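Please keep the sequence and the model in view while reading.

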Amino acid sequence: MSTQQNLNRVKSADIELKDKLVSVNRVTKVTKGGRTFSFSAIVVVGDENGVVGHGLGKAKEVTEAITKGIDDAKKNLIRVPIRKGTVPHSQKGKYGGAEVFLKPATDGTGVIAGGAMRAVLESVGVHNVLAKSQGSSNPHNVVKATMDALSKMRDASAVARQRGIDLYKVFNG
């Protein structure tokens, strides 16, 4: 059985998106004429209501890199099911050397997550979640691993549709 990805692509035109800067990195290129500096920026955008995307921008100036990152993030939007302010079920995500684990939490817990994961989870609109990042702490890979975990999330109605059974049977059968 193939795992159905929750890759519901979303168009950015009809949504009010908020952006969060995850990290800015200065890159140095050494040439015959000296050192050339440029910047790369990882940005996460979301509507805090189940839509999130990430992007990378590179430019000579920081503000330009951030703007390019936001434009890139708007091209990679996905819809994530959120139930009562948390994720519907526990899920692992992996990208490169980074592995993340997301677990639903009760009201009042808050977002228990580190740097890059926190930005993604807040942008998607999750208010209560327990999250653990294992392996690489490279922000590029942690953001992509978190997006992988979120894209695998399915709510009860999606499970019922996929199995071809009634919603009641998902819980009691």
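## Asn128 and its surroundings

A polar atom of the Asn128 side chain lies 3.3 Å from the backbone nitrogen of Gly108. The side chain of Asn128 also forms a polar contact of 3.1 Å with the side chain of Asp107. A polar contact is a pair of N or O atoms within 3.5 Å; within protein, one must be able to donate a hydrogen and the other to accept it, and residues adjacent in sequence count only if both atoms are side-chain atoms. The model is predicted: local features need pLDDT of at least 70, side-chain atom pairs count only at pLDDT 80 or more, and totals for chains, interfaces and linings use all residues. Residues are numbered from 1 along each chain as its sequence is written, and side-chain values use heavy atoms, with hydrogens and water left out.

Asn128 is located in the loop between α2 and β8 (129-135). Helices (H or I, at least four residues) and strands (E, at least two) are DSSP runs, numbered from the N terminus. Is Asn128 buried or exposed? Asn128 counts as buried because its relative accessibility is 7%, where buried means under 20% relative accessible area, exposed over 50%, and partly exposed in between (1.4 Å probe, protein chains only). Leaving aside residues up to four places away in sequence, Asn128 touches several residues, including Gly85, Thr86, Ala105 and Thr106. Such a contact means heavy atoms within 4.5 Å.

## Helix α2

Helix α2 is largely enclosed by the rest of the structure, because seven of its ten residues are buried. The buried residues of α2 are Ala116, Met117, Ala119, Val120, Leu121, Ser123 and Val124. Just after α2, Gly125 adopts a positive phi of about 100°.

## Salt bridges

How many salt bridges does a search of the whole structure find? The search finds five, a salt bridge being a side-chain nitrogen of Lys or Arg within 4 Å of a carboxyl oxygen of Asp or Glu. One of them joins the side chains of Glu122 and Lys20, at 3.4 Å from N to O. This pair links distant parts of the chain, since Glu122 belongs to helix α2 (residues 115-124) and Lys20 to strand β1 (residues 18-31), 102 residues apart. Glu122 counts as partly exposed at 28% relative accessibility, and Lys20 counts as partly exposed at 27%.

Another salt bridge connects the side chains of Lys152 and Asp148, at 3.3 Å from N to O. Here Asp148 is buried, with a relative accessible area of 19%, whereas Lys152 counts as partly exposed at 29% relative accessibility. Elsewhere, salt bridges that share partners join Lys20, Arg118 and Glu122 into one network.

## The four-stranded sheet

Four strands form an open sheet in the order β1-β2-β3-β4, with antiparallel pairing. Two strands pair if DSSP finds at least two bridges between them. At the edges are β1 and β4 (78-79), each of which pairs on one side only. Strand β1 and strand β2 (residues 34-46) run antiparallel and are joined by 13 bridges. Val43 in β2 is the bridge partner of Leu21.

Helix α1 (residues 62-74) packs on the sheet and touches β1, β2 and β3 (51-59). The direction of α1 makes about 145° with that of β3. For such angles, axes are lines fitted to C-alpha atoms, for helices over the stretch in contact, and the angles run from 0 to 180 degrees between N-to-C directions.
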